Amino acid sequence: MGEIIIGLALIALGLIIYVQGGDLPSLNEAFFNAGSFPRLIAGLLILLSLILILSKVLELRKRKPVEDKVSNKEKMGSFYREYRLVILTTVVFFVYIFLLQFIGFVVSTILFIIGAAILIGYRKRKEVMTISAVAVILTLTIYFFFENVLYVRFPSGIFI
Amino acid sequence: MSDLFLLGIAEVFQLRILIVILIGVVVGILAGLIPGFTVAMAIVLTLPLTFGMDPVAGVSAMIGVFVGGMSGGLITAALLGIPGTPSSIATTFDAYPMSQKGESGKALSIGIWASFLSSIISFFLLVSIAPQISRFALMMGPWEMFSLIVVSLTIIASVTGDSIIKGLIAGLFGLLIATVGADPITGISRFSFDLATLRAGIPFLVVLIGMFAISRLLQSLEAKEINKDDIKRQEDKIKNLKFVMRPIKTLMVVLKKPGTLFGASTIGSIIGAIPGAGGSIANIVAYDQAKKWSKNPEKFGTGCEEGIIASEAGNNSTVGGDLIPTVALGIPGSAVTAVLLSALMVHGITPGPLLIVNEPNIVGGIFFAFLVASFWMLITQFLGMKYFMKVTQIPVQVLVPVILVLCVVGTFVLNNRFTDLYILLAMGLIGYIFTKYDFSLAPAIIGVILGPIAEVNLRRAAMADPDWTLFFTRPISLVFLILAVLSIVYTVWQTYRTNYRLKKSMGEK
C-alpha cells in the first residue's frame, strides 16, 4: 500500500518537473536545452513508478482478502505506539531548527539536547544531570571550536 | 607511476597528516562499533571539519574514518553478537561463538589481523589497477562517460535493495534532486519554484546528511528498536569481559590460512570496486565462499578461525576496491567514497579520469593515507580495545540528540544558511520513508553526485555531434550500454527464478 502512495507522489513530482522543464528558456541549442535532461529523467521516473504501482496492485489483488478483525482504531493505536518517538522527535527537531535563528545557537542547542533526551526516555534524576552536563560541554566545545578554529559564525539571536 | 608514489609519500608522511589520519581512524572505529551509527554517517559528519584543511589532509582524515569504521564493527560483533555496522554481519557467525567459549581475545585479534592484512592486499591491488583504468578512461569522450554513468547507476540499482525497479526509481530520484538549481551549462535557474532556498540548488551534502544520518536516527527511535537497545544493555551489565590478546600468536594463526585470507581479500576488493556494492555484501559473500572452499565446512558457525578471517578480510578489503573507480573514473563505489569526492569538489578539484594526471599529489596522498590508516588501525585496535568496548554502553537517549545536533552543525557550516536546515529535515524524512519501504538509499545518493556529470556529458556529446546514434556506434559506449541492459535483465531473471523456486517449494509442502 505504501509503495502505491510513494509511486503516486513520484508520478506527481515527475509531472511537475516535466511540465516546468518545458517552460525553461532555450538558448540556441539544436536540442538538449536546460529542460531536456530533467524531462528525460522525469519521464523515466513516471514510467518506472507506473510499473511499480501496477505490480503492487496486481500483488494486492492476488492476495486473498483477509478479514480485518483489527479495528481501525486499534491499528492507529499500535501505529502510534511504534512511531510515537519518531513523530515527536521530528516535531521537536523542527522547533529547534526554527528557533535557532531567533534565540541563538548555544541556548537552543543545550535546550534541544536535554529536551530530546527526556522525550526519548532519560527521565531519572541522575540521567537528566548527565545529559545536561553532556549538552553544555558539547555545545560550548562545538561553538568555540568552530568560531575560533574554523571561523564559522554561528547564529546568535537574543542570547548567544 | 613512481612519481605518484613519491608525491604521495611526501604529502602523507608529515606529522600533522599522520595525526589527522590517526584521529580519523579512532573516530571511525568508534562509529563502527556503536550499533546504529554507521560509517557513512561518521564520514558525512567529519566532512565539515575538513573544510579548513588542505585537500590532502581532509581526504586523509576521511580515509582514516573509512578504514577504522570497517574494522570497528568487529568489536561489537565479537563481544555482543550484534553487528556494529552491516559490514560485520558475517563476523558475528564465528567471532561471537568463539568469544562465548571464553576466547574473546583470540576472536578480536584474529579479526584485527585479518582486517589489517586484507587492507594491505587491497592496497596493492588499488595502486596497480587504478592507474591503468584511468589511462584507459582518458580515451573516453562524452559519449562513453555518459554511458559509463548509465551502467554504474543500473548496477547500483541492481545490487542494492530488494527490487531493481525500486533501485532504479531511487537513482532517478537522486538525478532529479541534482537538477534543481542552476543548469550546469547555461546557468539558467531551474525548478526553484520561486523559493530563494532552492535557487542555489539542493546541496549534495545536505542530502547526504539527511538521508544517511537523520533517517537512520529516526529509525532507531521506533519502539521496537528502543526495546532492543534496552535488552542489549541489560545483558551487557551481566557480562564482565576480561580477555588477553596475543598479537604475535594470532598473527601466525591468520598467516597459516593464506588461501582464505587472499581469497576473501580478492573477493572483497572486486565487490568494493563494483559501484553500490560494499562491505555489507562483501563480508557475506567472502564468508560463503570460504565455507565452500574449506576442507571442513561443518566447523563454520561454531567459532572457527577461518570464518572470522574470511568475513573481516572481506569487509576491510572493500576499501581499496572502492577507491579504484573513485580515483580512476571519478565514479564513487559507495556512499562513503561519494563523500570523499564531494570533499575534493569543495576544494575545487574535479574528480574524473584526469585526476591522476592533473593532481598526482592528491591521488598519491589518497593511496598512502590508506596504507597509513591501515597501520594506525592495527595499532589502535590492539592498544585501545579495552577503552573502545566501553563506548558500546552509550545509550540511544544520549546518542540521538547529540548526533542530531552534529548534523545541524555540519549542515550549517557548509553554507551558513538557515534554509538548508529545512532541506536537511525534509531529506531525512524522505530517506526514512524510502528505507521503510525498502528503496535503497545508495542509488539515490550516487544519482545526486553523478547527475550533473551525466548531464554535462550528454549535452557536450550533443553539441559536439548532433547524431545521437553515436552512443550506440562508438564501441566502448556500446559495451557500457549493453552491460547496463544485461545487469537489469540478469537481476529481473534472478528474482523471477527465486520466486519460481519459492512457489515450487511451497507447492510441494
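The model is predicted: local features need pLDDT of at least 70, side-chain atom pairs count only at pLDDT 80 or more, and totals for chains, interfaces and linings use all residues. Residues are numbered from 1 along each chain as its sequence is written, and chains are lettered from A in the order in which they are written.

I begin with the interface. Here 52 residues of chain A are in contact with 45 residues of chain B, contact meaning that C-beta atoms, placed from the backbone, lie within 7 Å. On the side of chain A that touches chain B, α1 (2-23), α2 (36-62), α3 (72-103), α4 (105-120) and α5 (125-149) each supply at least two residues; helices are DSSP runs of H or I, at least four residues, numbered from the N terminus. The largest share, 12 residues, comes from α3(A).

Next, the annotation. An unreviewed UniProt entry lists residues 37-58, 105-122 and 129-146 of chain A as "transmembrane region"; such annotations may be inferred rather than shown by experiment. Residues 37-58 of chain A are 100% helix, with end C-alpha atoms 32 Å apart. Residues 129-146 of chain A are also 100% helix, with end C-alpha atoms 26 Å apart.

Finally, chain B. Helix α5 (residues 89-137) and helix α12 (residues 258-273) of chain B pack at an angle of about 55 degrees, their axes 9 Å apart; axes are lines fitted to C-alpha atoms over the stretch in contact, and angles run from 0 to 180 degrees between N-to-C directions. Among the residues making this contact are Leu117(B) and Ile121(B) of α5(B), and Phe262(B) and Gly268(B) of α12(B).

Conventions
Two residues are in contact if their C-beta atoms, placed from the backbone, lie within 7 Å.
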